[in-house]
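Q: Please take a close look at one part of this structure for someone new to it. Which side-chain contacts should I follow, and what surrounds them?

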Amino acid sequence: MPDLSLDQAQALVRRALETAMQEHGRPICAAVCDERGLLLAFARMDGAPARSVRISQGKAYSAARLGVTTQAMLERLHREQIEIGYFCDPELTALPGGSPLKDDGGRVLGAVGVSGLSSAQDQAITDGLAASLTAA
């Protein structure tokens, strides 16, 4: 699979917003970035918390840069009893709700981040989007 395109990124953002409204009836922010963590697409639904703008982008960035979900990163931090600051990147977050987007060979193409629901709900949306990209 080639690099993540703008069209794919925008479609993933739309699907995240649709999923949030259909399954939870609440507004969110959704971000998609490339493999370097650079923002490709973003949307903030009417009524989504302002804080969710940066949080969703941070989740996408972190999942892309680390190559794992932000949930997995949070679990690692707890398991190893370390702080995220040890990774020397102030933009990283371990808040659940970020998933890397990978090709069939496991190469990171980018990542998606969602904020506005519970951490578990945010993570479920991004995990579903990541799985659908791999299956496509």
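A: A salt bridge is a side-chain nitrogen of Lys or Arg within 4 Å of a carboxyl oxygen of Asp or Glu. Keep that cut-off in mind. The model here is predicted.

Start with one pair. Glu91 and Arg54 form a salt bridge, with 3.0 Å between the closest N and O atoms. Where do the partners sit? Glu91 lies in the loop between α3 (70-80) and β3 (98-102), and Arg54 lies in helix α2 (residues 51-66), so the pair ties together parts that are 37 residues apart in sequence. Now look at their surroundings. Arg54 is exposed, with a relative accessible area of 53%. The cut-off for exposed is over 50%. Glu91 has a relative accessibility of 41%, so Glu91 counts as partly exposed.

This bridge is one of 7 salt bridges in the structure. Others centre on Arg36. The side chain of Arg36 meets that of Asp34 in a salt bridge, at 2.7 Å from N to O. The side chain of Arg36 also meets that of Glu35, at 3.3 Å from N to O. Glu35 is partly exposed at 28% relative accessibility. Arg36 is partly exposed too, with a relative accessible area of 45%.

There is also a network. Salt bridges link Asp3, Asp103 and Arg107.

Next, turn to helix α1, which covers residues 6-24.

Now look at the sides of α1. Its buried residues are Ala9, Leu12, Val13, Ala16, Leu17 and Ala20. Seen down the axis of α1, these buried residues fall within an arc of 135°, so they line one face of the helix. What does the face turned away from the buried side carry? That face of α1 holds the exposed residues Asp7, Gln22 and Glu23.

Gly25 follows α1. The phi of Gly25 is positive, near 65°.

Then find the network of Asp3, Asp103 and Arg107. End on α1, with its buried face and the Gly25 that follows.

Methods:
Residues are numbered from 1 along each chain as its sequence is written. This is a predicted model: local features need pLDDT of at least 70, side-chain atom pairs count only at pLDDT 80 or more; totals for chains, interfaces and linings use all residues. Side-chain values use heavy atoms; hydrogens and water are left out. Helices (H or I, at least four residues) and strands (E, at least two) are DSSP runs, numbered from the N terminus. The expected span of a helix is 1.5 Å times one less than its number of residues. Buried means under 20% relative accessible area, exposed over 50%, partly exposed in between (1.4 Å probe, protein chains only). The arc is that of the directions from the helix axis to the C-beta atoms.
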